[in-house]
Every structure is written in C-alpha cells, then in structure tokens.
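Reader: Please take me through the structure shown here, one point at a time.

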Amino acid sequence: MVDRYSGEIFGYLWRFFQGRPEAEDCLQETFLRAFRAYPRTPDLRNPRAWLYRIATNTARSHWARGTRQLARTADLDARLPSPASSVPDLVDHRQRLRAVAAAVEALPPRQRAALLMRKYQELDYAAIADALECTEAAARANVYQALKKLRLQLALTPETEQTS
Amino acid sequence: MTTRQPPEQTLSDWLGDTPGQPRAEPLTSALDRLYATGPSTAEIQSARSRIQAALREARSALLYYEAVGPTGVGPVFVAVSDRGVVAVEFAASEAEFVHSLQARMGASPVRSNPMAGEASRQLREYLAGSRTSFSLPLDLRRMSDFQRTVLLAAAEIPRGQVTTYGQLARRIGRPGAARAVGQALGHNPIPIILPCHRVLASNGTLGGYTARDGVRTKARLLRLEGAQLLAG
C-alpha cells in the first residue's frame, strides 16, 4: 500500500499544505495511522478513499494545531510562467498567485480538501464522500462552496476580468 | 461578439462534471498554476523510505494474539511479535490475557488469526497429543541473557524426559545457580513451547510451576509427553 499510494497521497498533502515539511510529517502519520487501524478495518472496499480519509483527518488536525505557515514566496515563484514573460507580467502573476494561495488557505479545510481531491487528485464524488465521511451530495456541495468562496474572495469572475 | 459561458458552467467543465473540454477562466487557471507542482521523484522516494522505517518500528512494537482454545490444561492464549512467539499464557479469559500482556510488555495486543493462528494451531495440536514438536520462530528479545540461556538449555531436554534444576545449572556452566535457574524457569514467558515443565526438583518431586493449577498442570504436561514420574 505504501508503494502504491504514498506518492499520490504525498501530492495531495503537498497541495493541502502548500509545501513540504508538514506534508511529509502528515504523510508519515497517515500511513502509521492506517497501519494501526488496518487490523480493525474489516471491509476495505476502497483502500484509496480510505487512505484519503485518514490523510484528510490527519491534515485537518495538523491544520487546526496552527503549526502552518503561509506559502513561501520561493515556493510560489517556482510556479510562475516561463521567464519569457515581461517583468510587469511576472509581478502581476506573482501577486495574483500569492492572492490565490492566501484565498485557498483561508478556505475551511474540508472544502479545500474536497476541491483538491476532485480536481487535482481525480477522485470521483463517491470516493470523496467516503474520504470526508459524508454523502455524495455533500461532497459535491463542498467543492462548489470552495469555488464560490474563492471567486468571491478574489473577485475573479470572467466579467471583472474582461473589464479590468 | 463572443459568447461567454456562465461561471457555473465553466466550473463544472473544469471539474470534469460535464462532458467536454475544460474551459479556462481566470480562477481555474490560477488554481491550475498554484497546484501545478508536487513533490519531486526524489522527495517521494525519501518520504517513502521514512514511512517504511517508521512502519518497521511500529510493526516491531505490535503484538498479535490468538486463543489456543480450551485444552487439556484449560484455556491457553498465545501472542506473537513480528519476529515470533513472545508469550504463551494459561489465562482464564481473553480480557485477562490482554491485560497481562499490556502490563508485562507495555504493548496493546491485537487479536489476529493471520498473525497468530499458526502458533495457536501448533499449540492446540501439541496439547491434544497429535504433535510432538514445535516449528515456530520465537522472539526472545525481551529476556535477560541469563534467562535466555536457561530456557534454551531447557528446550534441549527431549520430550518425554526430565532433568533437575541442579543438572540444568551445571549444564549451563553455573553449578551453584540452581535457585536462579528455578527463578528463570518460573518466569518463562513462553511455557509449553520452551519446556520449563521438564525441569524438576532434585529430590524427584515436581518442584514448582507458575501457571494455573501449578504443579498439576506441570504433571499433566509431563504425562502428555509420556514422561515417567515418580511423584504427582
């Protein structure tokens, strides 16, 4: 299970925490928790969703402990478009990326988790519901709530983009 | 004039909730950029080895157990670690066994037939008389060197034969240590498999047995093995 899923779960936690140290701590804790829970988990229909559930719970409790830091500028710079862009473009992109990163970090962890699982981890809503221990409708609502909040916070609607 | 999709529509495209190519919009492309990178292959490799190491450590601290069942000497339970058998007990109940293991080993044992079933089966067969020897790995790490020496010497006494505390003390090169040998045997964590019951007092009586019913259990085990007893 470690060989098969650790890379993917690492990617998820990496995105959740916007960076490495906490993602790796949570990753290790996720697999230790899974190892301890395994003998008491009789019917494991979807091991992938089960690991996402443990990872999400671990990440949320780390998050609640408040040990996080905001995404570092250096980390964000790595995600900027190619150096061919003009300097004003780059500054603009950097500012926007930082604003997006901050908005994502301000989301309730559950909604952020739902959005990441759907779009970047490619889980279907049944698996997301399993991971979040809720119904599929609630999983879907969490994703849409996340996007709605991001859009409100960033005012990044197609309309404003066009007129700016 | 360009026709523009309402935002909800583009979001469901982007999420893959509706068929068709995802359409870019500022929010979704910003998110795509934010989440474009993940851990590198090297970082995944190093994280994976850290997990493996942590799991190895966790595994070595875990104990699994199984009931041997009602036997000729009453209920018996067996616990194994990742290395082998660590404990055999004549406990009255599962709860008593678990409690005793927690107290002695500081570990929370998990009942697991896949892990402890083989040890349980061999003990059951042995106690039913249909097996004459054990083929099980033992985990002797929790013993002192002296106790390990004594118990491994006891394990060399053939089935059906007995020796005395004094003889065993001489065999391990500690002729004056009969009492200490008795102590080490009395605290045998793996009775039956490590046959401390084959060691008797020098006067030919059974000596002691630290288990349910004490020497009566010891006598039953010896009779099961066909040992000729002077007493008991």
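Predicted model: local features only at pLDDT ≥ 70, side-chain atom pairs only at ≥ 80, totals over all residues.

Reader: How far does H4(B) reach from its first C-alpha to its last?

Author: H4(B) covers residues 94-105, which is 12 residues. The expected span is 1.5 Å times one less than the number of residues. For H4(B) that expectation is 16 Å, and the span from first to last C-alpha is close to it, at 16 Å.

Reader: In what order do the 4 strands of the open sheet in chain B stand?

Author: Two strands pair if DSSP finds at least two bridges between them. In chain B the pairing is mixed. The edges, which pair on one side only, are S3 (85-89) and S4 (109-111). The order is S3-S2-S1-S4.

Reader: What is the average twist from one strand to the next?

Author: Axes are lines fitted to C-alpha atoms, for helices over the stretch in contact, and angles run from 0 to 180 degrees between N-to-C directions. From one strand of this sheet to the next, the twist averages 30°.

Reader: How many bridges join S1(B) to S2(B)?

Author: S1(B), residues 63-71, and S2(B), residues 74-80, run antiparallel. They form a hairpin with 2 residues between them. B:Glu66 stands opposite B:Val78, and B:Pro70 has B:Pro75 as its bridge partner. The number of bridges joining S1(B) to S2(B) is 7.

Reader: Which residue of S4(B) is the bridge partner of B:Tyr65?

Author: S1(B) and S4(B) pair in the parallel sense, over 3 bridges. The partner of B:Tyr65 in S4(B) is B:Arg111.

Reader: At what angle to S1(B) does H4(B) run?

Author: Two residues are in contact if their C-beta atoms, placed from the backbone, lie within 7 Å. H4(B) lies across S1, S2, S3 and S4 of chain B, and its angle to S1(B) is about 140°. H5(B), residues 113-127, packs on the sheet too, touching S1, S2 and S3 of chain B, with a direction that makes about 30° with that of S1(B). For H4(B), then, the angle to S1(B) is about 140°.

Reader: Which helix of chain B gives the most residues to the side that touches chain A?

Author: The contact takes 34 residues from chain A and 28 residues from chain B. H1 (7-15), H2 (26-34) and H3 (41-61) of chain B each supply at least two residues of its side. With 10 residues, the one that gives the most is H3(B).

Reader: How many nonpolar residues are on the side of chain B that touches chain A?

Author: Ala, Val, Leu, Ile, Met, Phe, Trp, Tyr, Cys and Pro count as nonpolar, Asp, Glu, Lys and Arg as charged, and the others, Gly among them, as polar. This side of chain B has 4 polar and 6 charged residues, and its nonpolar count is 18.

Reader: Is A:Glu122 buried or exposed?

Author: A:Glu122 lies in the loop between H6 (109-120) and H7 (125-132) of chain A. Its phi is positive, near 55°, although it is not a glycine. Because 10 C-beta neighbours lie inside 10 Å, A:Glu122 counts as exposed.

Key
Residues numbered from 1 in each chain as written. Chains lettered and ligands numbered in written order. Buried ≥ 20, exposed ≤ 12 C-beta atoms within 10 Å, placed from the backbone.
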